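Subject: Handover of a structure and summary of findings

Dear colleague,

Please find below the structure that I am handing over to you.

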Amino acid sequence: MAEQLQQLILDTLNSQHVIEDTRNLVLPGQAVAASTSEDQITILGALNSLLSRDMIQYETHEVVTHAPTAEGAQILKEGSHEARVWSVLPPKGHGTPMTPVQLKKEIGDETAKVGQGRAFKNGWIGKEGDGLVKTVSEIKDVTQLDIQEVANTGTLKAGEKVLADLRKRKLIVQKKGQWFTVRKGPQFSTSTAKPETDLTVDMLTSGSWKTASYKKYNFEAEGIPTAGGALHPLLKVREEIRNIFLEMGFAEMPTSSFVESGFWCFDALFVPQQHPARDLQDTFYLSDPKESLPPNPEYYKRVSTIHEFGGYGSAGYRAPWSPEESSKLLLRTHTTASSAHMLYKLAAKCRGESLEDDSKEFTHGTSTAEASGKTDDGFRPAKLFSIDRVFRNETMDATHLAEFHQVEGVVADRNLTLADLIGFMRVFFQKMGIEKVRFKPAYNPYTEPSLEIFAFHPMLDRWVEVGNSGMFRPEMLEPMGFPKDVRVHGWGLSLERPTMIRYGINNIRTLVGHKTSIEAIENSPAVMF
Ligand code: PHE
């Protein structure tokens, strides 16, 4: 149909040069001219297709047309109410007149009621006794004929008065319609062969590309949305926090080691071997391989000694040391394991070893010993951070998964004080958009003093815990070889919490896991703290 119609339009244009009024076209397979609005919509489709190939041009004209309502359509099929009344009645003088009750039964209440009045008015029926009879032998169902004309042509020759009457009787409705005047376009031809949209090898080898007609580029087309990658909200927030660290002069620590030993995750941090955090219920241990390679034997000795017997002014834990516990491989429960490893490397020169190449870039390079009136003891200050994944054997719920990300900062310098740590964190959190912070004394096995960090959350209208911090213990730093006046402070927070707050997410599963909506990830805005 579509192609036949396009062909008809082109042929008509070819012979007449212009189609003044598309309502005069007789569509393929139809007997009468295309006067209904549906017909014109079909024509419009064909016109637009031809227009896109520049084969024609057209102008649009708006008109008001009419179309039958559902009741009108029923009359087209079955006749008007009055005609149906007339048709069931016996002719006058023949048979038994029909009572109004019988009539209702025969053709239904509504038709009988509406039809009787009109049939009387038209002089089609009359009374005989108590009953009704036909008074004429033939009728002309004008209502049906009028609706038929409206259906065919969208209007009535009889004029507006009759149209208005049919509208009032709700048999037809007014509709906005369109019709078109069509002229030849620059690419006019009577051939509807589809224009080519692509050059193919076949066309090139056969030479048919020379004569083929081509579809024009539509530069206004919106195009298919490209399915590009999108950064996950966690990665966006990570980038923001990373930038804060970088602008504060921090260097990023390598944290690719998800698997650590009990030694680096706990022992080196002076976490007692009996600490509940080391239980199976809290930590994922590896079954294969089970054990780590041994750490540097001298450092190991210093660490185990300070746990078991104390030293450097500490009483130690005075509990038996278990080498097995120390060599167990596990999924790191905090990135402080990596920080410990990094600090150990930083202290290499203080131990009289040479600084490993990969740790040079993490120090500030200049000795601060002279400023303290001492000879160079190998110590170099450092500001380090990491944002990476950690694992805990937690029961999963709306806010906890067995793995999450930790943001961690570590600062090493001589004679740092708790005030330095607090001041630093105020600046850091301020850069994250958190103005009001409060600190509460807390306990970490590896820091003393330790502080929990609380921030006032304007959206939640309450103080929420945002992090944990402290000054690393001498029990941790001195076995590494750091001079006594070197202090290291650190703090940690989760990446998920600020991300969830930022994006108004209250279930972690919306953010991570199989229930995450890819669309929501793609549409999540870049954030500004
Ligand atoms: N490791 C701590 C935690 O998991 C964070 C922290 C890092 C605390 C450094 C003090 C110093 O919560």
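Predicted model: local features only at pLDDT ≥ 70, side-chain atom pairs only at ≥ 80, totals over all residues.

**The ligand site**

The ligand has 15 residues around it, and those that come nearest are His334, Thr336, Arg392, Gln406 and Tyr446. Two of these five residues also have side chains with an N or O atom at a stated distance from a ligand atom. In the case of histidine 334, the side-chain N or O atom is 3.2 Å from a nitrogen atom of the ligand. For arginine 392, the side-chain N or O atom is 3.2 Å from an oxygen atom of the ligand. Asparagine 468 also takes part, with a polar side-chain atom 3.3 Å from a ligand oxygen atom. On its own the ligand has 330 Å² of accessible area, and the protein covers 92% of that area.

Which strands supply at least two residues each to the shell around the ligand? They are β10 (residues 403–414), β13 (residues 462–472) and β14 (residues 486–494). Of the elements that contribute, β13 gives the most, with four residues. Sorted by class, the shell consists of 10 polar, three nonpolar and two charged residues.

**Cavities**

The largest cavity has a volume of about 50 Å³. Its lining is made up of Pro272, Gln273, Gln274, His307, Tyr317, Ala319, Pro320 and Trp321. By class, five of these lining residues are nonpolar and three are polar, with no charged residue.

The second largest cavity holds about 40 Å³ of space. Among the residues that line the second largest cavity are Arg23, Ser35, Thr36, Gln40, Val63, Gly177 and Trp179. Three elements each supply at least two residues of this lining, namely α2 (37–52), β2 (56–68) and β5 (172–184). The largest share of the lining, three residues, comes from β5. By class, the lining of the second largest cavity has seven polar, two nonpolar and one charged residues.

**A buried helix**

Is helix α14, which spans residues 336–346, largely enclosed or largely open? Of its 11 residues, 10 are buried, so the helix is largely enclosed by the rest of the structure. Here a residue is called buried when its relative accessible area is under 20%. The buried residues of α14 include Ala337, Met342, Leu343, Tyr344 and Lys345. Thr336 is also buried, and Thr336 was named above as one of the residues that come nearest to the ligand.

**Backbone features**

Proline 289 has its place in the loop between α11 (262–265) and α12 (297–308). Another cis peptide bond joins glutamate 448 and proline 449, again with omega about -5 degrees. Proline 449 is found within strand β12, which covers residues 447–457.

There are also residues other than glycine with a positive phi. Histidine 17 has a phi near 70 degrees, and its place is in the loop between α1 (2–16) and β1 (18–19). With a relative accessible area of 52%, histidine 17 is exposed. Tyrosine 312 has a phi near 50 degrees and is found in the loop between α12 and α13 (323–327). Its relative accessible area is 41%, and tyrosine 312 is therefore classed as partly exposed.

**Glycine 409**

Finally, glycine 409 lies in strand β10, one of the strands that supply at least two residues to the shell around the ligand. At 0% relative accessibility, glycine 409 counts as buried. How far apart are glycine 409 and methionine 248 in sequence and in space? They are 161 residues apart in sequence, while their C-alpha atoms are 11 Å apart in space.

Yours sincerely,

A colleague

Note on methods: Residues numbered from 1 in each chain as written. Heavy atoms only, no water. Near = heavy atom within 4 Å. Polar contact = N/O pair within 3.5 Å; in protein donor to acceptor, adjacent residues only side chain to side chain. Areas by Shrake-Rupley, 256 points an atom, 1.4 Å probe, with all protein chains shown as cover. Nonpolar A, V, L, I, M, F, W, Y, C, P; charged D, E, K, R; others polar. 1 Å grid on protein atoms, 1.4 Å probe; cavity = no way out; pocket = protein on both sides within 12 Å on 5 of 7 lines; lining within 4 Å. Points joined across faces, edges and corners; volume = space filled by probe spheres on them. Buried < 20%, exposed > 50% of the residue type's maximum accessible area, 1.4 Å probe, protein only.
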